Amino acid sequence: MFAVRSRGVVVLAGVLLVAGCSSPPAPPSPAPSPPSPSRAASLAPVPSPAPAAPEPSVARKPVTVVLDPGHNGGNSAAPGVIDEPVPAGRGQTKPCNTTGTASNGGYPEHAFNWDVAQRVGALLRAAGVQVVYTRPDDSGVGPCVDERAAIGNRAAAAAVVSIHADGSNASGARGFHIAYSSPALNAAQGAPSVALARSVRAGLSSAGFPVSNYLGSDGLAPRDDLAGLNLSDRPAVLVECGNMRNAGDSSMMSSAGGRQRYAAAIASGILSFLG
């Protein structure tokens, strides 16, 4: 029937077109014969196959990064807590924590560490990374260095980055360096931690921050005395962003814009490591 109606429309359109041109009307075409049953069947629309059901999607667990802002704002008021010895790895003990250093102008390291860590965390979350902090604010005490390592281990973190600033009084001492546990005590402290250190170093160097001229070599510092690194079974590094006693480093650390630059560089290095 579809073919019959289609031909009828064509004929009618032809008649109107000719009449519009003032020519004699053409004789009507004979009515077409109805199609045979076999032809009618061939003209019937063929139903499309039902679409295949989509495969169920598997939710991917977000990658976790643990950020450890060094020290804490309440440490100086709790010497009985932070002076208590705790395991430090390699059969050693160390004080639970310390107060940290400060710039010559009085800007405390714990506040710098906290602010930079918050900025790094915001950038990582924007990239879809799950972020865990070792402390919830900058007014508490601790946690101890062994507990900071345990937080990263419990989180099964893809990377643990401890954020600090140095306080060297050596003349002209400036620049960043990145520490990792060496000799390695487990597989994660070996190649993965070295790769994380190099990646964060690349992020800081690309952002224009100078490497340390007084500690480590080319911005990297293998250490065997840092509890948070020795006790970690995840890829872990400690970033000394610069020397707070140096005027140039301190000026960058004391400004919000400078801290954002540090954060962007560290986050870039972490994301590069995560791939």
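Student: What does Ser-181 touch?
Tutor: Leaving out residues up to four places away in sequence, Ser-181 touches Arg-90, Gln-189, Arg-223, Leu-229 and Asn-230. Contact here means heavy atoms within 4.5 Å. This is a predicted model, in which local features need pLDDT of at least 70, side-chain atom pairs count only at pLDDT 80 or more, and totals for chains, interfaces and linings use all residues. Residues are numbered from 1 along each chain as its sequence is written, and side-chain values use heavy atoms, without hydrogens or water.

Student: Where is Ser-181 found?
Tutor: Ser-181 is in strand β6 (strands are DSSP runs of E, at least two residues; helices are runs of H or I, at least four; both numbered from the N terminus).

Student: Is Ser-181 buried or exposed?
Tutor: Ser-181 is buried, at a relative accessible area of 3%. Buried means under 20%, exposed over 50%, partly exposed in between, with a 1.4 Å probe and protein chains only.

Student: Which side chains make a polar contact with the side chain of Ser-181?
Tutor: The side chain of Arg-90 does, at 2.9 Å. The side chain of Gln-189 does too, at 3.1 Å. A polar contact pairs N or O atoms within 3.5 Å, one able to donate a hydrogen and the other to accept it; for residues adjacent in sequence, both must be side-chain atoms.

Student: OK, Gln-189 then. Where is Gln-189 found?
Tutor: Gln-189 sits in the loop between β6 and α6 (191–206). Gln-189 is buried, with a relative accessible area of 2%.

Student: Which backbone oxygen does the Gln-189 side chain reach at 2.8 Å?
Tutor: That of Ser-232. A polar atom of the Gln-189 side chain also lies 2.9 Å from the backbone oxygen of Asn-230.

Student: What else does Gln-189 touch?
Tutor: Not counting residues up to four places away in sequence, its contacts include Ser-181, Pro-183, Ala-184, Leu-229 and Leu-231.

Student: New topic. How many disulfides are in the whole structure?
Tutor: One. Cys-96 and Cys-144 form the disulfide, with sulfur atoms 2.0 Å apart; the cut-off is within 2.5 Å.

Student: Which parts of the chain does the pair link?
Tutor: Distant parts, 48 residues apart. Cys-96 is in the loop between β3 and α4 (109–126), and Cys-144 is in the loop between β4 and α5.

Student: Are Cys-96 and Cys-144 buried or exposed?
Tutor: Both Cys-96 and Cys-144 are buried. Cys-241 is buried as well, with a relative accessible area of 2%.

Student: Is the disulfide left-handed or right-handed, and why?
Tutor: Left-handed, because the torsion about the S-S bond of Cys-96 and Cys-144 is about -95°.
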